[in-house]
Number of protein chains: 2
Amino acid sequence: MAARLSSPEHYDSLLDKFDTWMFDCDGVLWHGDRLIDGAVEVLDILRKRGKRLLFVTNNASKSRKSYKGKFDQLGVEARVDEIYGSAYAAAVYISSVMKLPKDKKVYVIGMTGIEEELREEGVSFIGGTDPADCTLEPFSLTNFTLDPDVGAVLCGLDVHVNYTKLSKAFQYLTRNPGCQFLVTNEDSTYPSADGLLPGAGAISAPLRFALEKDPISIGKPAKTMLDCIQAKVHFDPKRTIMIGDRLNTDILFGQAGGLSTLLVMTGITLEKDITGPNASTIVPDYVTGSIGDLRAVKAL
Amino acid sequence: MAARLSSPEHYDSLLDKFDTWMFDCDGVLWHGDRLIDGAVEVLDILRKRGKRLLFVTNNASKSRKSYKGKFDQLGVEARVDEIYGSAYAAAVYISSVMKLPKDKKVYVIGMTGIEEELREEGVSFIGGTDPADCTLEPFSLTNFTLDPDVGAVLCGLDVHVNYTKLSKAFQYLTRNPGCQFLVTNEDSTYPSADGLLPGAGAISAPLRFALEKDPISIGKPAKTMLDCIQAKVHFDPKRTIMIGDRLNTDILFGQAGGLSTLLVMTGITLEKDITGPNASTIVPDYVTGSIGDLRAVKAL
């Protein structure tokens, strides 16, 4: 059973136990463009106590550099090398784990975040924000030329998803031998400022369904994301805590990596998901209402 | 094990056994705009022998009336009342089974076929081919007004599918109490003239994934389609045969309805799907290469 945190002593004890604090962002630090009350103060307290902060997001619509801009705009201190996004992790996976040959390329269903990270890693790609693919004009195989150099399809959240993109990706995945099916993340929904919208997992769902095949998923809860962080940063899993609002991504990710986990109730997860007859089987170590609750720690 | 048909005697025996012949169309009678060799002759033979012909298609992009135009164009004799499409069956289901109140409406992800059939059944709808929803402009909940009268979302093949349509459907299904999630059919792929493309099941897959909920499916293999035919036509299941190219729609549909089944190899199903180590558990009663093979029957 998860420990409910509520008193200053609880939060003090948490600060004693953990040196590295990994944060999900949407639903933990902010909702869309609205900061969660107290988030900035708590991050400041943690930094003053010498904690290492890492921001681990499945949001692939922005590159780390663009995501840094979001932190700046909301007045949240962060360095680019503290930010780990699923677009970055996907680009690293393609270049370093898959080792996609330099003469091969990726067909992208996704936004600028994926394109920027692929470019940084030196991975060639087509599709994405190309106006030729951002169209509702009818798609016909008669006018389509299969590019034999496409060795992977990478799909993330794409608000310009359409039948042309889905059809092209489907052709590559069924007709190019060995073409890999990758997704940045499989979040079923996306928390916009005004409510939930279909998430990255929904964007790749047509391909899963048409191919009758699951993709390789890069973001939380997949271990690929933690591998990517571990390649850059040394941390002791026993003294690391993952803080998130979603059981089947953040909390599962922390548990799979041997980290401790703190669930906040400011995002996706509802009280009925953690208590009652239909509660999830994913149980975090700790639960608190909001990240802002940690302001209750004793002043040094 | 399925009986392989090859001799004139086999086909004669089939004609003796069955009075009502239900045909899938795409992959059985034609591929896109190309007739399957011998299809017209075989349908003529069956009519001359006094057989009742029914055309049972999951294609919801056309209404029965428009679909009749396709028969005409390809020189295949058919009456509108012989054609049963999943758009028609969906409209009948909404008006007669769900009994959607007249002041309620349907949000449509789909094409003109669905709109025409809903209109014929007197069901109000929004979405569909409305230019306001056929857009790649960013979707924002800030500018969205939830219509409280939307009591169902109906999703079929839609080559103009986009994030606005998916987001609106998602809002209705999560925020309008009791809003039903219906799909015309769940074919994973669609056989265009030049090859396979993502099918209707792929179009509704984002909603299934985001909602973590299966829709009510109307087309083959669902019994709803057969209920719809039985409401209009009297036939004896024991003397009825369903002819199709797809095991998990056509053949399963026939079997679930107590009909006999004939698989043709001119469409989706490959030899390895019916023989060998990974063969499907769905086994038709009969298999033949092509509908055109039935030309081998003895002349009367």
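This is a predicted model: local features need pLDDT of at least 70, side-chain atom pairs count only at pLDDT 80 or more; totals for chains, interfaces and linings use all residues.

**Exercise 1.** Find which residues have the most contacts inside the largest nonpolar core.

*Solution.* Start with the core itself, which has 52 residues. Those with the most contacts inside it are I109(A), L207(A), I109(B) and L207(B). Next, pick I109(B) and skip its neighbours within four places in sequence: its contacts include L154(B), V161(B), L166(B), I203(B) and L207(B).

**Exercise 2.** Work out the strand order of the open five-stranded sheet in chain B.

*Solution.* The order reads β8-β7-β9-β10-β13, with parallel pairing. At the edges sit β8 (124–127) and β13 (216–217) of chain B, each pairing on one side only. Now zoom in on β9 (residues 150–155) and β10 (residues 180–183) of chain B, which are joined by four bridges. Here V153(B) stands opposite F181(B).

**Exercise 3.** Decide whether S167(B) is buried or exposed.

*Solution.* First locate S167(B) in helix α6 (residues 163–175) of chain B. Its relative accessibility is 0%, and buried means under 20%, so S167(B) counts as buried. Then look around it: leaving out residues up to four places away in sequence, S167(B) touches L197(A), P198(A) and F139(B).

**Exercise 4.** Describe how helices α4 and α8 of chain B pack.

*Solution.* The angle between α4 (residues 86–97) and α8 (residues 223–230) of chain B is about 80 degrees, and their axes are 10 Å apart. By class, their contact has six nonpolar, two polar and no charged residues. Among the residues that meet are Y88(B) and V92(B) in α4(B), and M225(B) in α8(B).

Key. Residues are numbered from 1 along each chain as its sequence is written. Chains are lettered from A and ligands numbered from 1 in the order in which they are written. Side-chain values use heavy atoms; hydrogens and water are left out. A nonpolar core is a set of buried Ala, Val, Leu, Ile, Met, Phe, Trp, Tyr and Cys residues joined through side-chain atoms within 4.5 Å. Buried means under 20% relative accessible area, exposed over 50%, partly exposed in between (1.4 Å probe, protein chains only). Contact means heavy atoms within 4.5 Å. Two strands pair if DSSP finds at least two bridges between them. Helices (H or I, at least four residues) and strands (E, at least two) are DSSP runs, numbered from the N terminus. Axes are lines fitted to C-alpha atoms, for helices over the stretch in contact, and angles run from 0 to 180 degrees between N-to-C directions. Ala, Val, Leu, Ile, Met, Phe, Trp, Tyr, Cys and Pro count as nonpolar, Asp, Glu, Lys and Arg as charged, and the others, Gly among them, as polar.
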